[in-house]
Structure formats: structure tokens, C-alpha cells
Amino acid sequence: MTGAINLPASAGKPLAGWRVLVPRGGPWGDGVAAALRARGASPVVAPLINFAPSDDQAALEAALAKLAAGGFDWLTVTSATTVDVLSTYSAVIPETTKVAAVGETTAAALVAAGYQADIVPSEDNSARGMLEEWEAATDGATGLKVLALRSAIAKQVLSIGLERMGHHVEAVVAYRTIGVPVSAKVAEDVRSGRVNAVLVTSGSVAEQVQQQLGPIPESILVAAIGPQTKKDAAQVGLRVDVVARERTAESLIDAVVDAATAKA
């Protein structure tokens, strides 16, 4: 996402009077906030997760140096937080290295940070979905050198799957996910129902929403960016009311607009 989301001129202000909690900051959060304002909403940007440095900084820095030197054919990025890490390190992705993004949110974050996404799974935006489409996207090539950046808690589904396909995978922990305490005012606004909707963009965000703000009042609309996020939310006890038709920020906002219009 680069800046505001493009909206048709006839979009109007269907979210006028709505306060919507945006759970991520940075370029992605700024873009979503701008798009919400364009629809008439008042965004409440309250980052609920952040990344902490990897426990093995030397390994990460060495991998990024090798990446910049053209040592990899592909880079796999599985979350928007990984993009934050790339930006923090001013990582260079050479033109000879292609980028595979798991999820539209991740792809949008890459674009917002000035990178590109060469593959985004068209159906299942998960590591399994990436594996299903990998062979077609790479024309059946084997022996590719792949840098897989991941969080400390992530299951290595993609790395293991690519190795089984015959590729050379270097899996490196890019960050540890940590919760970010919201302000007392934001917490009180949610608990008292002064927020109309909460956006949930990942399982990690769902966990923090439930831990810090739950139980969410029934009057507040909880919108998830995709089916997997809804499943992750259910596992931590978070209710989800609507799910975006597509795994994009635009579609997530559209889901909130549809719900608001139905209530009107």
C-alpha cells in the first residue's frame, strides 16, 4: 500500500461517525488510516504488536549482506513485520532476487516500503498456499537459493516444503513478536463502546486484542482480514463478525463499510 488506498470518487462517506481501531502503525497503518478518513471514519491508530530484535543479530545481518550481494534467487516474506525489519536495516533486494510474499497484507507492506512482490498466492494466502503455487511461479526450476526470513515463533512450513522440492533454503529468524500495550484511553474507549470497529490483521493481533481489550463489547464490529485470521482469533477466544472477501486492506475496509451500510 502506498499512501492512501485509491477509492472511487462516488465512494461517499459511508463510515461517517465511525471510530475504527487500526492495530498497526508504520506505512501500512498510515495508508489504512487515510483510506478510512476518505470513507468518513475517524481512525484510532493503536499498534498492538511490534518486533523485537532477533536473538541472533549476527546471523540476520550476515543473511541481509548476502542478500544485498545477490546471493539468493528468492526471498520469502511471510508477514508485514518482516517488511518492518527489512526497512529498519535498510535492506537491499537486488533486481536479480525475486520476492515471494505470503498474504496481500505482506505484499502491500512490501510495496509501501519500496520493495516489490513477485509472487502472492492467489487463493490460499498461507505458507501452504505458497508451496502449492511455487512450482508454476518458478517454471519448475530446482536448486534455487532461497532466503526465508521468519519470526521466532513461526512454524517452518514454507522452508521445509521448499527444501523437499530440492531448493537450498537458508532460514533466518528476523524478529521476535511482542505485544505493545495500548494507552489507557484506547482501552477504555473500546471497553465502553466508544470505538465502533476493530480491524484484526493477523493471529498475533487477534491475541493482543483479546488479551488487552477483551471481551470486546457486542456493539463493536470485529473485522478480520481473512479466514485464517478468523480461525486464529477463534483459538484465542476473540469473536469475529465479518471477514474480508479478499485478503487486502481495501477489502477489509469494504467489509466494515458493508456492515455499516447494513446497520444504517
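Visitor: How many salt bridges does a search of the whole structure find?

Guide: In general, side chains of opposite charge can pair when their charged atoms come close. In this predicted model, a search of the whole structure finds 10 salt bridges. One of them joins arginine 24 to aspartate 84, with the closest N and O atoms 2.9 Å apart. This pair links distant parts of the chain: arginine 24 lies in the loop between strand S1 and helix H1, and aspartate 84 lies in helix H3, 60 residues apart.

Visitor: Is arginine 24 buried or exposed?

Guide: Buried means under 20% relative accessible area. Arginine 24 has 9% relative accessibility and therefore counts as buried, whereas aspartate 84, at 25%, counts as partly exposed.

Visitor: Which residues are linked with Lys185 in a network of salt bridges?

Guide: The network links Lys185 with Arg19, Asp189 and Arg194. Within it, the side chains of lysine 185 and aspartate 189 meet at 2.8 Å, N to O. Both residues lie in helix H7, 4 residues apart, which is about one turn of the helix. Lysine 185 counts as exposed at 55% relative accessibility, but aspartate 189 counts as buried at 4%.

Visitor: Which strands pair with S7, and in what sense do they run?

Guide: In a regular strand the side chains alternate between the two faces of the sheet. Here, strand S3 (residues 49–53) runs antiparallel to S7 (residues 168–179), joined by 5 bridges; alanine 52 has arginine 176 as its bridge partner. Strand S6 (residues 145–151) pairs with S7 in the parallel sense over 7 bridges, and alanine 148 stands opposite alanine 171.

Definitions and conventions:
Residues numbered from 1 in each chain as written. Predicted model: local features only at pLDDT ≥ 70, side-chain atom pairs only at ≥ 80, totals over all residues. Heavy atoms only, no water. Pairing = 2+ DSSP bridges. Helix = DSSP H or I, 4+ residues; strand = E, 2+ residues; numbered from the N terminus. Salt bridge = Lys/Arg side-chain N within 4 Å of Asp/Glu carboxyl O. Buried < 20%, exposed > 50% of the residue type's maximum accessible area, 1.4 Å probe, protein only.
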